Amino acid sequence: MGKKTIMTSNTVQIQKIISQLAPNATYDTASELIPTLIEENQLTLDLSVYKPVNDTPEGVGRFLIYNHPDKDNPFSIWIFAFASQQKTSIHDHKYKGTVMVLSGPISEKLYQPTSKNTARLIDRAD
């Protein structure tokens, strides 16, 4: 099966799950259901095609697999692929997010802004 076919299959599976939630498909309902389905092996995504772009810090692979069309309830579902020792810079998100690690270790750090250009580490999860 080709890379594009696998990516399409993953997207179709996610779209089917979201459509089953309709008309109540929101970030909250999707972020509760999808990890549960993965943990219970009722949803199996083929992760073999998601790779980092390269081994540099900027080379994290970012793959959009679903973008909810309802502008009143916006959310999207992404797969991120990191190489060993890759990281992102300190950043913020406009929307809520749910993280589920499907393979390998990951460390997440939470920072609190102290001024326009500085922040202090307040929590870490490995």
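# Helix packing, buried sites and loops in a predicted model

User: Which residues in H1 meet Thr 29, Ala 30, Leu 33, Ile 34 and Leu 37 in H2?

Analyst: This is a predicted model. On the H2 side, the contact is made by Thr 29, Ala 30, Leu 33, Ile 34 and Leu 37. Their partners in H1 are Ile 14, Ile 17, Ile 18 and Leu 21.

User: By class, how many nonpolar residues has the contact of H1 with H2?

Analyst: No charged residues take part in this contact. One residue is polar. The nonpolar count is eight.

User: At what angle do the axes of H1 and H2 cross?

Analyst: H1 covers residues 3–21, and H2 covers residues 27–39. Their axes come within 11 Å. They cross at roughly 130 degrees.

User: What does that make H1 relative to H2?

Analyst: The crossing is roughly 130 degrees. Roughly perpendicular stops at 115, and roughly antiparallel needs over 145. The angle falls between those limits, so H1 is, relative to H2, oblique.

User: Is the crossing of H1 and H2 left-handed or right-handed?

Analyst: The two axes come within 11 Å of each other. As H1 passes H2, the crossing is right-handed.

User: Does Asn 10 count as buried or exposed?

Analyst: Asn 10 sits in helix H1. Its relative accessibility is 1%. The cut-off for burial is under 20%, so Asn 10 counts as buried.

User: Leaving aside neighbours within four places in sequence, which residues is Asn 10 in contact with?

Analyst: Asn 10 belongs to H1. With its neighbours within four places set aside, Asn 10 still has contacts. The partners are Leu 45, Asp 46 and Tyr 50.

User: How far apart in space are Ser 19 and Leu 45, C-alpha to C-alpha?

Analyst: Ser 19 lies in helix H1 and counts as partly exposed, at 48% relative accessibility. Leu 45 is 26 residues away from Ser 19 in sequence. In space, C-alpha to C-alpha, the distance is 17 Å.

User: What is the relative accessible area of Asp 126?

Analyst: Asp 126 is exposed. Its relative accessible area is 72%.

User: Where is Asn 41 found?

Analyst: Most residues other than glycine have a negative phi. Asn 41 has a positive phi of about 60 degrees, although it is not a glycine. Asn 41 is also exposed, with a relative accessible area of 63%. Its place is the loop between H2 and strand S1 (61–67).

User: What positive phi has Gln 85?

Analyst: Gln 85 is in the loop between strand S2 (76–81) and strand S3 (108–115). Gln 85 is exposed, with a relative accessible area of 73%. Although Gln 85 is not a glycine, its phi is positive, at about 75 degrees.

User: What pattern does the protein chain follow, read along the sequence?

Analyst: The chain has two helices and four strands. Read along the sequence, the pattern is α-α-β-β-β-β.

User: Of the 126 residues, what percentage count as buried?

Analyst: The C-alpha trace spans about 45 × 35 × 25 Å along its principal axes. A residue needs under 20% relative accessible area to count as buried. Of the 126 residues, the buried share is 25%.

Methods:
Residues numbered from 1 in each chain as written. Predicted model: local features only at pLDDT ≥ 70, side-chain atom pairs only at ≥ 80, totals over all residues. Heavy atoms only, no water. Axes fitted to C-alpha atoms, helices over the stretch in contact; angles between N-to-C directions. Parallel < 35°, antiparallel > 145°, perpendicular 65-115°, else oblique. Left-handed = near helix turned anticlockwise from the far one by under 90°. Contact = heavy atoms within 4.5 Å. Nonpolar A, V, L, I, M, F, W, Y, C, P; charged D, E, K, R; others polar. Buried < 20%, exposed > 50% of the residue type's maximum accessible area, 1.4 Å probe, protein only.
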